[in-house]
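Opening the notebook on this one.

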Number of protein chains: 2
Amino acid sequence: MKYPLIFLLLFKFQYSSAQKGDSSVIQSIYREALTKGHSYENLRSLCKDVGNRLSGTAAAQMAVDWGKMTLEKYGFDTVYLQKVMVPHWDRGSTERAWIVLDNKQISLNVLALGGSISTGGLMKGDVVEFASLNELKKASASSISGKIVFINQHMNDEDINTFKAYGGCSAIRLKGAVEAGELGAKAVIIRSLGLAIDDHPHTGVLSYDSAVKKIPAAAISTEDADLLSEYLKKGKVKFSLEMNCRMLEDVPSYNVIAEMRGAKSPKEIITFGGHLDSWDTGEGAHDDGAGVVHCMEALRILKVLNYKPNHTLRVVLFMNEENGNRGGKGYAEWSASKGEKQIAALESDRGGFAPRGFTCDGSSEQVKFLESLKFYFTPYELHVFEKGYGGVDIGPLKNKFNGIPLFGFVPDSQRYFDFHHTPNDVFENVNKRELELGAAAIASFIYLLDLNL
Amino acid sequence: MKYPLIFLLLFKFQYSSAQKGDSSVIQSIYREALTKGHSYENLRSLCKDVGNRLSGTAAAQMAVDWGKMTLEKYGFDTVYLQKVMVPHWDRGSTERAWIVLDNKQISLNVLALGGSISTGGLMKGDVVEFASLNELKKASASSISGKIVFINQHMNDEDINTFKAYGGCSAIRLKGAVEAGELGAKAVIIRSLGLAIDDHPHTGVLSYDSAVKKIPAAAISTEDADLLSEYLKKGKVKFSLEMNCRMLEDVPSYNVIAEMRGAKSPKEIITFGGHLDSWDTGEGAHDDGAGVVHCMEALRILKVLNYKPNHTLRVVLFMNEENGNRGGKGYAEWSASKGEKQIAALESDRGGFAPRGFTCDGSSEQVKFLESLKFYFTPYELHVFEKGYGGVDIGPLKNKFNGIPLFGFVPDSQRYFDFHHTPNDVFENVNKRELELGAAAIASFIYLLDLNL
């Protein structure tokens, strides 16, 4: 479903310099979120009653049921499921690594990367370390063949926004197995993608290339990466790794959807959401339980304030952001195939931290519109209103709905990669007020979008 | 030491619209703080090797030694102590409270307020609850006399900046004992000054009035306050309280001072610091270990970058902010008595959270100058540059040095009152990057002050 770009530019984003919006409505939104909010209790329930919820697992199905049931309680116009087929990767029952140096044996904290093949029993090998993926690419096959490659690339501490540091380093996880496999390595071990020096390994998806032999891939904690690197300076290190993870058949799963129908333009849809799936470690609290409850709460607040939207406001709890984005892709296709008009989308998938603002993946006119909303949020300490990324789940809408602006909710980034994809991403590490302020900011933003689009 | 105001206005704050400053210096400051920083390790050492450090205690003296020793390692031009007499309040060995309702006995988490007198053995009494200090003021003496007053005033969740919520509620701690004592109460119990519902009572200083009989005062956790309030709705609650805290004689203590001497105007001083003392619970990590290590680190960074300041840059680790401000008062008096020229001061005493900006307690010209510095900090995600509070320790400089601008470092406030004055204010609750970003922001700010004043 493609709109002529000119239509969107002329009709959808000719905002006046003074935007429509009522500061007292925004104040009521914040009051509801901070004094009668449901987001924190909903997050507790998702984290503790459901727990982590990797696509394809029974836990993910439980999360779908939880999402539908919780949304149904709020009396929205409609709550329903949208089917998508999702990958089903299983971590298996064994995941163990240790090193031996000078007859000393040391256990390492290890997590298989999502999608990794098994080691096929216990695998042993000499370790060869590379400081970066680029260093690995320059190496000769003869120096690597039959060995276990260890990519010890650090995220850049100097990047103020930690997502920038992540972006500059995440290729070691995504492409490490292909690059090392191409040079004949037996397995690849990466330094976890985190800035803190701690004991939590970070999992996350990898990709294989059909032209390159698949090898097992795992992450060790930053603490263990420093230790391993130090030991490698002292002499030859024997690495032992056993993981019986495996990829199973795709299974059916669902996006969970709730709507308040628009009074003036019910066929024009504003989509906002987070992703319901998580990695299979910790509780998926910041990633992305926070985004899920942010958006559920935003719709709940607009409903309890008796707001009558112009357009249809639709919350989508996306399935499978972590390892396939089948929910995001399926949603865009499904919506386009129904002939829907998607006029804007927002995603929250950067954690439940204190809000900093919003970014816009859109035209310069759309970015200007975003900037014009800053005024409303200054009393709430939001200050980032600029061009930037939307989100993985809403990304596919861009190809199906020409000219649609995608907005990303931007909380403070400093602590996010202490938790991301680790056993440490648990409810206890989310602050109640920070979470509630995020829900209030998103509810206010959706309200302003609805008034001004 | 008073300068004619006109002198300061004409000569000190005639800033050009383009301020002096080099963004590459600021980048180097951030690089040093984030990649080779000492602030986190210094905070660990202060929290774990010294621990909490209430004025007058041996621990506070240990902190003075720690501060001097740590600063001496950095090779500044001078490190010295400035003597001040400080109060010495001792919590004692017994601090216990419980309630009885319908023959059911329930223990409460309690902390005596700083400065409280002892209960003189076990004290028992009926409880009478007030929703606020104002409600208490309106009550009749007959309804209170001989009873234990419970002030259950909540901080306002709707205040976005939590310091505003604290400011609106802190009178229950400061004045509760006087107001309840005046009406004949035996003791006063307050709801802890925190926004989270949790199990940590918050201590903090109270004041007595020489015209009103002193009564013991303590805080219970927000969770226990809710419990007590609920029980009081069910029936008569008997409250038992025993605390053997006491006020001892004043003892000598010290501000710890380090300087880099100015190359052009060594007699003009820029003072910046935090307070070395803390409450006698937890580890004083956010309050104010963070401010202490922020400022030590700022001076260290400027030194290792080989910066040659125009003015004398002076770090002061103030003693006794929490219950007397003798360090702050003594410092201002001592500096004025020496005929020093204090040209600006900055304080960090709002925790070690992600930086948001700086406030200025000064003239409109001085606030405009502050606003003109915002430009340098935008890449580092600071956005608050406005009129506002400086700090308790630097406050007395205002009366001694006419026209001096006082600057306050402003980190994000959302989590501060989860820790403030509680057993929970420990090193583990400070994030390394957030702390380091604070040190970098302060070092950059001091650099810009030095260049532009």
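Before I look at any handedness, a reminder to myself: a crossing is right-handed if the near helix is turned clockwise from the far one by less than a right angle, and left-handed if anticlockwise. I also keep in mind that this is a predicted model.

Entry, helix pair in chain B. I looked up how α3(B), residues 39-50, sits against α4(B), residues 58-72. Their axes are 10 Å apart and the packing angle is about 150°. Angles over 145 degrees count as roughly antiparallel, so α3(B) is roughly antiparallel to α4(B). By the definition above, I note the crossing of α3(B) and α4(B) as right-handed.

Which residues make the contact? From α3(B) I list Asn42(B), Leu46(B), Asp49(B) and Val50(B). From α4(B) come Ala59(B), Met62(B), Ala63(B), Trp66(B) and Thr70(B).

Entry, chain A as a whole. I find 16 helices and 16 strands in chain A. Its C-alpha trace spans about 70 × 45 × 40 Å along the principal axes. Does the radius of gyration agree or disagree with a compact globule? For 453 residues the globule value would be near 22 Å, and chain A has 23 Å, so it agrees.

Buried residues account for 56% of its 453 residues. Taking contacts between residues at least 6 apart in sequence, 82% join residues at least 24 apart.

Conventions:
Residues numbered from 1 in each chain as written. Chains lettered and ligands numbered in written order. Predicted model: local features only at pLDDT ≥ 70, side-chain atom pairs only at ≥ 80, totals over all residues. Axes fitted to C-alpha atoms, helices over the stretch in contact; angles between N-to-C directions. Helix = DSSP H or I, 4+ residues; strand = E, 2+ residues; numbered from the N terminus. Parallel < 35°, antiparallel > 145°, perpendicular 65-115°, else oblique. Contact = placed C-beta atoms within 7 Å. Rg over C-alpha atoms; globule rule 2.2 N^0.38 Å. Buried ≥ 20, exposed ≤ 12 C-beta atoms within 10 Å, placed from the backbone.
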